[in-house]
Amino acid sequence: MPGENLSRDEARERAALLSVDGYDVSLDLRSAVGEAPGDADAGPRTFRSVTTIRFRCAEPGAASFADLIAPSVTAVSLNGKDLDPGEVFDGTRIQLEDLAAENELVVDAQCAYSRTGEGMHRFVDPEDGEVYLYTQYEPADARRVFADFEQPDLKAPFRFEVRAPEGWTVWSNGAGEPHDGVWRFAETKPISTYITTVLAGPYHYVTDAYSRTFEDGTTLEIPLGAMCRRGLAKHFDADDVFLVTKQGLDFFHDHFDYPYPFGKYDQAFVPEYNLGAMENPGLVTFREEYIFRGKVTQASYERRANVILHEMAHMWFGDLVTMAWWDDLWLKESFADFMGSFSLVEATRFTDGWITFANNRKAWAYRADQLPSTHPVTADIRDLEDAKLNFDGITYAKGASVLKQLVAYVGRDAFLEGARRYFKRNAYGNTRLGDLLSVLEETSGRDMAAWSRSWLQTAGVNSLTPQVLLAADGRIAELSVLQEAAESHPTLRPHRVAVGLYRSEGGALVRYARAELDVHGPRTVVDELSGVEAPDLVLVNDDDLTYCKIRFDDTSLATLKDRLGEITDPLARALCWSALWNLTRDALLPARDFIALVLRFAGRESDIGVLQMLHAWADSALTHYAGPGWRETGGRLLAEGAQRELRQAEPGSQHQLTWARFFAAVASDEADLQQLRGLLEGTEKIDGLDVDQELRWAFLEPLAAHGAADESVLAAELTRDDTASGKRHQVRCLAARPSAAVKAQAWAQVVESDALSNALVEATIAGFVQPSQRELLAPYAEKYFAAIDRVWAERSIQIGMDVVRGLFPSLQDFPGTLDATDAWLTTHEDAPPALRRLVLEARDDLARTLRGQVCDAQATRSKPSGTGFLRGTSSRRRNPVGGYAGTTVTKYENLNP
């Protein structure tokens, strides 16, 4: 990978030197079908790629390079002069000497089909033997398909032509037609290399159309298309995809005042996809798991709709206007993440999308922002490996959260007007942070430089804690908001927040007072709430206006432990759950207490997305943060609770389905496994529960992991579901079996061989790592540290990331594993920074695990006693909970990174 790693300095130098006028790319994909080379020495299956690049050079006589990753190059010519490929091509770059003012480069290469989801991915459907191709490039894999200048600020128009096997259809960014066996596509607008795309094969294709008439009387017509593998056609609900698409196009045209600029709008759901989706203009690609083979909850449909809208927002934020370099990746991803939720709530049936944002997306951000690798939203991206790792919770979810806070800070109208000016001034160009700040300063009148320094150019998450002083009459004498920051990232920021006061009324916890204000510095008094009746619960950041960790005073925490399920507002309830989970992760709330709250109140949760997050958090609390001596008890309690809620849920409801999946995830004893087996075999019934094929696989994995489903059972299930999805499920279940031989085979398939596709690598790792098999997995801790250097050097960055993250011995949760991690970091200071970052992040998670386990183990020995609040002429504070104002928290001090 290091030879492929373009640096920011190299990109800046090349951008100052070169301007690109256009690309003509000709691909011959007929080699995708038929027999592969029989000789192992023949190398990978390849296709012919001929690229012509027209470009200018600001300094005639200077030298530069083009990018290409290919097994071989047949011919290279520069300005009509043939160059020796053996001299100018080193496997990743083509050296270009003595450039003229105007240049034409022609490269004829044999490029490799991919099995890792990078470049031109080739997939053979096991169901019918059909071959499907698609491309995925971000951040820099277009060079695996054609020669180019692989950086976002060298935009150019592209013309593609593709030869494909007979009977295939081919798609690209522009509209295309076949002529004499060759598909030719309309020239694109100037776009970056990473958002070009080609998709080819016998895809199932459905069409529709969108029409929009503007105030000046002109009409915009956008042809719509949606496609998937033929094997998924019977499950494809294209009508719903088109519905959300049209709602999104209406929303963005209403608010952006810039017509969709890329002609058609196709959306392809493709197999073995590494990402959620990719915003290629005119042809967006999605992972095919967004086509549902069985019954799913509304949360799944909401998630798909959000992704559709996220990618659509990119047509403006990212495709029309693109960041100059990956430092400003947030300029597209943060905006798309925010606009995805914004449009979801305002334009579709998913009007509770901000609850999902608060409960799900921000949890991703909070975790990422407390890792040692946390970075400002505007990051320091030195090279492409850095860029690959920065598609993270900071760039997406924190950035989106900051933008949500910005809307509260400057106002919705000023924010949207800033976006409109930004598009018009920078259309088809590249921008940096200052370009956006300047228009927002114009439209809002606010000092955006100061706001940017606090929110975009510093790292870390603040905690906000209420502090309440009560007067003798029981009313609030003073309520203040305390702000703190981690020592490693000490910035205190301006926060626009709402503070909500809740009390019990008729068996419900309802908000009876609210104040919205700007929080500055370590302590801000909320004057508006002075004299108000004392609350049972104080919720800072009510309505989720800012990005922070919410803490509670002791009375509020006691209220939540007793009556969390009585909070009537679903967003407020979700914010409380999120805050409690952060307390658990921060070793301030014992894991068993969090699990007890889930067991007591999750059954009353109305929002299905929140319920699914509670299940995931409870499972994580048991696996990572519960004391080892309590895990068995906790697992039994969760299984009993899940089974109880499963049987009590409304028959056929999405809550019933969600509890069924959670029961399978935590089932462990013989009675639990017997019930799963009975549901699979039909000897046991739960009224309304349809055990479809996807649910069958969900039940089979715990059976396999506990030795209750052997290879023959899994083979029989694959016969029943002989599809690409079925194969992935079977591979995961096979790797889950509790056998030393099975684990050795799975390890070898992932670590010692590159035969598996990206999807099967992911499935194998997921099956290999089972919380119930800690002892069985113990030998692989040492093997992990011995292998990761080689894996990183030899495999693609995507597979390297999957292996390094997925196989870290996190289940060997004792200080010795932390010592082994530290030893690797000490002896590998010269390892690639991206690899070190992944190991440092895993180390931090493990250290957090150990601190959480200490906190949980101490729960049996001592319980904190809250003082509540005292009444009298000498007012008293309600003590904050969360480590502020003298709260003592026992930690493994030597475990802190």
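Close-up 1. Helix α12, which spans residues 554-563, lies across β24, β25 and β27 and runs at about 100° to β27. The model shown in this and the following views is a predicted one. Residue R563 lies in helix α12. When its neighbours within four places in sequence are left aside, R563 is in contact with S504, L509, D536 and F601.

**Close-up 2. The open sheet of β25, β24 and β27.** Three strands make up an open sheet in the order β25-β24-β27, and their pairing is antiparallel. The edge strands are β25, covering 508-519, and β27, covering 537-542, each of which pairs on one side only. From one strand to the next, the twist averages 25°. Strands of a sheet pair through backbone hydrogen bonds, and they may do so in a parallel or an antiparallel manner. In this sheet, β24 (residues 495-505) and β25 pair in the antiparallel sense over 11 bridges, and H495 stands opposite V519 in β25.

**Close-up 3. Strand β13 and its partners β10 and β12.** Strand β13, formed by residues 182-185, runs antiparallel to strand β10, formed by residues 158-163, and three bridges join the two. Within this view, V162 has W183 in β13 as its bridge partner. Strand β12, residues 176-179, also runs antiparallel to β13, to which it is joined by four bridges; here the bridge partner of G176 is F185 in β13. The strands β12 and β13 form a hairpin with two residues between them, and D180, which is in the turn, has a positive phi of about 55°.

Close-up 4. A disulfide is a covalent bond between the sulfur atoms of two cysteines. A search of the whole structure finds zero disulfides. C548 is accordingly in no disulfide, and the nearest cysteine sulfur, that of C576, is 12 Å away, whereas a pair of cysteine sulfur atoms would have to lie within 2.5 Å to be counted as a disulfide. Is C548 buried or exposed? C548 counts as buried because its relative accessibility is 2%, and the cut-off for that class is under 20% relative accessible area. C733, which has a relative accessible area of 2%, is buried as well.

Notes. Residues numbered from 1 in each chain as written. Predicted model: local features only at pLDDT ≥ 70, side-chain atom pairs only at ≥ 80, totals over all residues. Heavy atoms only, no water. Pairing = 2+ DSSP bridges. Axes fitted to C-alpha atoms, helices over the stretch in contact; angles between N-to-C directions. Contact = heavy atoms within 4.5 Å. Buried < 20%, exposed > 50% of the residue type's maximum accessible area, 1.4 Å probe, protein only.
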